[in-house]
Amino acid sequence: MRIFSASIALIIALAGPAVAQPLNEGDAVPAHMREGELHVDPYEISNKNAGADPISDPSVLAAFNGREGIARIVDSFVEGVRTDPRTEKIFAASDWVRLTRTLNEQFCYILGGGCDYTGRDMKEVHRDHGVTTAEFAAVVEILQAAMNEEGVPFRMQNRFLAKLAPMKRDTVTR
Amino acid sequence: MPLRAAMAAGILIGAPVTAAHADMLDFETGGKLLLTRGVTDVDGAAGGGITPWAVIAGNSTDRGIGGTAHYTYLDLPDYTFESYGAAAGFYNRFEISYSRQEFDTGSTGAALGIGDGFTFNQDIVGAKLRLAGDAVYDQDKWLPQIAVGAFYKSADHGPLLNALGAEDDDGVEVYASATKLLLAQSLLLNATLRYTDANQNGLLGFGGTNDHQLQPEVSVAYMLSRRLVIGGEYRMKPDNLAFAQEEDWFDVFAAYALNRNVTLTAAYADLGSIATFEDQRGLYLSLQLGF
C-alpha cells in the first residue's frame, strides 16, 4: 500500500497538481480502472465515445493478432508518442496508466475484439491539447510504426486507420 | 524585407525552410502524410502524372506554406519531352505553379519539314483553389476533396503553330478535380473535367477545327505501402488539328517516396499519335522535391 501511494505521489508530481487529483481513500473505484490511475471528472460511459463503429470483419482482428497484438501495439504507440519530439508536448501531462488502458479498450472495440470503451469522447479528451493537423499526422505515423512492428499488413492497417481518420475533426483544435 | 525575399526565393526553388524562419513569419512547414501531396502532373500542378488532382502542392497543412520543384523526362519513339518547374501550396487551400515544357522533335523534325532538332516549347502558369472536402481524413463521408484550377499556357513559334492549323499560340484551360482516398480499400480515385482547346497539351497551339471542349480525365491508384503507390490514368484529348489526329493519353505508374522530401515517379505512358507519328509510347521519369 505504501508503494501504491508513493507511485501515485510520483505520478502527481510528474503530471502536476493542477492536472489531476488522486482518488481519495474510501472513494468507490470503478471496476474498469487500474491501480495508479488519476481522478477524472464524472462522465457518461458509452461505446459511442470510442468515435467509430467496430469493424465486423474478423480477418482484421486476426491481422492485429487479437487482443495480445493490440496490447503490444498500444504499448509501442504510447512509448512512441511519449518520446517523439513532434508529440511529446501534447502528451506531457497524460495519465499514462489510464491512457494505455483506454487506448487498449478503444482499439479493441473498433477492431471488433469485443471490448467496451470506458473513456471519454475524442472531443472531450483533446479539448485542451491544442493539437494541429501536422501533430495528428505525426501520431498516425507513430501508430503505423507500431503496427509495422506487430507485423500487421499495410492494407489491414489502412482498414483501421480509415476508422480513426475522421477523429481528426474532434481532435485537431488549432 | 530581405528575409521575406529569401523565403520567396526559397519557395520558388523548392529549398527547405528552417523552423526558425517559419516561426518568425508565423507559418509552419511540413505535416502532410507521405505521398498525400501527390506528384507533379505534366502541366506543373499537384496531381498524378498526366492530370491535376484536388490536392495542394507541398507538405504543409492548413497552418503553413509548402512547395515542390520537379523535373520530368519522357522518351518517346520519335520525340523526347522534358519539363521542369515549381509549385507552392498555401495553407492546404491555394496553389500556384509554373512549368516549362520542351518537346524535342529530334530527327523527326526534318521529316515534318520543320528542321532537324526543332523544339516545341511552352510556359505554363497554374493556379488551383481547394473548395471543399479532405481526401485523406474524411473517411466517414462520400464527399471527395474538390478543387478548381486554371492554366495559362503560352507556346513558342506562333507563326508555325498557325501554319499547322492552330488558332492561337496561347490559351487558358480551366478544370475541376475531385479526389477521394478510400483508405479502407487502400485506393485513391481522381476525376478531373478540363475545359480546353489545347493541341497536344498546348505544345501544338490552341484551337483549330474546334473550340473549347470538356474533356474527362481519371486516375486510379493503389497503395502498396506508405512509400509506394501504383496506378493508371486516362486522359481524353481534343482533336483540333486537320493535319494530324490527336489521341487520348494513358499511363501506368509507380510513385515512390524516398523520404518526406523526394518522390520518384516512373511510368509507361502512351500518348498515341503525335503530329502524324503513331504509337508514341515510352518511359516517363519524374523527380519531385517537396517541403
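This is a predicted model: local features need pLDDT of at least 70, side-chain atom pairs count only at pLDDT 80 or more; totals for chains, interfaces and linings use all residues.
Strand S3 of chain B, which covers residues 65-75, pairs with strand S4 of chain B, which covers residues 80-90, in the antiparallel sense and over 11 bridges. Within this pair, Tyr71(B) has Tyr84(B) of S4(B) as its bridge partner, and Ala69(B) stands opposite Ala86(B), likewise a residue of S4(B). The two strands S3(B) and S4(B) form a hairpin, with four residues lying between them. S4(B) is in turn joined by 11 bridges to strand S5 of chain B, made of residues 94-104, and these two strands run antiparallel. Here Thr80(B) is placed opposite Asp104(B) of S5(B). The hairpin of S4(B) and S5(B) has three residues between the strands, and in this hairpin Tyr91(B) adopts a positive phi near 55 degrees.

Between the two chains, 20 residues of chain A are in contact with 24 residues of chain B. The area buried between chain A and chain B amounts to about 1,800 Å², and carbon and sulfur atoms give 58% of this area. On the side of chain A, Glu141(A), Phe154(A) and Arg169(A) supply 28% of the area that the chain buries against chain B, which is more than any other three residues supply.

Polar and charged pairs also cross this interface. Six residue pairs in polar contact are found between chain A and chain B, with both residues of each pair at pLDDT 80 or more, and four salt bridges are found across the interface. Side chains of opposite charge can pair when their charged atoms come close. An example is the salt bridge in which the side chains of Glu141(A) and Arg260(B) meet, with an N to O distance of 2.7 Å. Helix H6 (133-150), helix H7 (154-164) and helix H8 (168-171) of chain A each supply at least two residues of the side of chain A that touches chain B. The greatest share of that side comes from H6(A), which gives seven residues. By class, the side of chain A that touches chain B comprises nine nonpolar, four polar and seven charged residues.

Over all chains, a search of the whole structure finds 27 salt bridges. In chain A, the side chains of Arg98(A) and Glu37(A) meet in a salt bridge with an N to O distance of 3.9 Å. This pair links distant parts of the chain, 61 residues apart, with Arg98(A) in helix H4 (residues 96-110) and Glu37(A) in the loop between helix H1 (2-15) and helix H2 (58-63) of chain A.

How values were computed. Residues are numbered from 1 along each chain as its sequence is written. Chains are lettered from A and ligands numbered from 1 in the order in which they are written. Side-chain values use heavy atoms; hydrogens and water are left out. Two strands pair if DSSP finds at least two bridges between them. Contact means heavy atoms within 4.5 Å. Buried area is the accessible area (1.4 Å probe) that two parts lose on being put together, summed over both. A polar contact is a pair of N or O atoms within 3.5 Å; within protein, one must be able to donate a hydrogen and the other to accept it, and residues adjacent in sequence count only if both atoms are side-chain atoms. Ala, Val, Leu, Ile, Met, Phe, Trp, Tyr, Cys and Pro count as nonpolar, Asp, Glu, Lys and Arg as charged, and the others, Gly among them, as polar.
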